[in-house]
Amino acid sequence: MTNDNNDFPMVAKTITGLEEVLAAELKALGANDVELLKRAVSFTGDKALMYKANQWVRTALRILKPLKSFTLVNEDDLYTELKQIPWEDYMDVHKTLAMDAVVNDSLFTHSHFVALRAKDAVVDYFRDKFGRRPSVNTENPDLRINIHLQNNICDISLDSSGTSLHKRGYRQIVGEAPMSEVLAAGLILLSGWDKQSNFLDPMCGSGTLLIEAALIANNIPPSTYREDFGFMKWKDFDAELWKDLKNEAFDLQTEFDYKIIGSDISERNLSAAVRNVRSAHLHKDIELSVGSFENIVPPEGTGMLITNPPYGERIQVRDIIQLYRQIGDTLKQKFAGWQTWVISGDLLAIKHIGLKPTKRITVFNGQLECKFNKFEIYEGSKKAKYQV
């Protein structure tokens, strides 16, 4: 594998709409040659940066280390090309492997078949060279190999993350309509919250936005609750380097001087939030209460409000239009001077908030396209704000 001090190419995978935020995170860590891709960002860096990307980047799903790229002319090329890679450089024969495949506009039409064919190539390589073959472990392999096929261009990469990075490790209970931790962090970073004001989610569900906000506010790495990453099982894993980076991260934690507040009308959701917040050891940082949005009393001063209200795809609300009108009324009546953001997959309902968004960003919550709308609530009229 690559020497410690040499830069090598990497790719960070993400969800649609978060590419620019992810690129900014990587640049802040010291990544070079950063380029935006579709649902991904490519960059270069050394081993320490690869570890830090897994440790610190809040909007990445996986950090991949490319091994080989080639064009498929026929279906046999996948097997042939993979069997030419010196796999003993990356794993021992007694270790386990897993294949993840993504296929778009290719000779192959099924990702499962691609994964099986790729697996055959690797295990046959070991059998031919060492007389035995490694085993497959789809849940917790020693080496996870990523195959990406697009327009018959095949990219083979090693997955340094292992389990997807959205699985932070703090979530004990999933609410009625869970938001991905990566999306939650991405929304907060997209909002431009500077951590110098209160943070509020009045429809907090199981607490994901609140927990991600607290992690950001206290400069705690999203990896804090995870015990393992893919790179920890690689042959060149540097345990001392990883230990140093973890110690350094602890020293970089900060104190947050404002409030992070969450509420939800559902006692069941609030109970899940309490469990998750305690699991994240952030119960001293996050205030939780049961209550409806219109009855909330915001803390003194201004702040950032981000919320993910119900929409009909996964949560049935008797009168979704009335709910969104109520959201708009409450924002206007109680949140003057606040920056407020609402994410919703119900593009009709969100129009009934009755406020004109000053910014609108398309993001995906799972497979559902959503709009992330910013509403600036001015003290008095907007016209008065700009009068001299």
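pLDDT is the predictor's confidence in each residue, from 0 to 100. The model is predicted: local features need pLDDT of at least 70, side-chain atom pairs count only at pLDDT 80 or more, and totals for chains, interfaces and linings use all residues. Residues are numbered from 1 along each chain as its sequence is written, and side-chain values use heavy atoms, with hydrogens and water left out.

**View 1. Confidence along the protein.** Mean pLDDT is 92, and 94% of the residues reach 70 or more. Residues 381-388 stay under 50. For this stretch the model has two contacts (heavy atoms within 4.5 Å) beyond four places in sequence. Where pLDDT is low, the predicted coordinates should not be read in detail.

View 2. Two strands pair if DSSP finds at least two bridges between them.

**View 3. Strand β1 between β3 and β4.** β1 (residues 8-13) runs antiparallel to β3 (residues 40-45), joined by six bridges. Here M10 stands opposite F43. β1 also pairs with β4 (residues 62-71), again antiparallel, over three bridges. A12 faces I63 in that pairing.

**View 4. The parallel pair β5 and β7.** Eight bridges join β5 (residues 96-104) to β7 (residues 143-150). The two strands run parallel. D100 has N146 of β7 as its bridge partner.

**View 5. The largest nonpolar core.** A nonpolar core is a set of buried Ala, Val, Leu, Ile, Met, Phe, Trp, Tyr and Cys residues joined through side-chain atoms within 4.5 Å. Buried means under 20% relative accessible area, with a 1.4 Å probe and protein chains only. The largest core holds 63 residues; F199, L282, Y324, V363 and F372 touch the most other members. Helix α6 (residues 208-217) gives the largest share, eight residues. Apart from this core lies another, of 55 residues, including A31, F43, V122 and L245.

**View 6. Helix α9 and its cover.** α9 (residues 320-334; helices are DSSP H or I runs of at least four residues) has 15 residues. Its first and last C-alpha atoms are 21 Å apart, close to the 21 Å expected at 1.5 Å a residue, where the expected span is 1.5 Å times one less than the number of residues. Its buried residues include I320, L323, Y324 and I327. Their cover includes β12 (303-307) and β13 (339-344).

Key: Buried means under 20% relative accessible area, exposed over 50%, partly exposed in between (1.4 Å probe, protein chains only).
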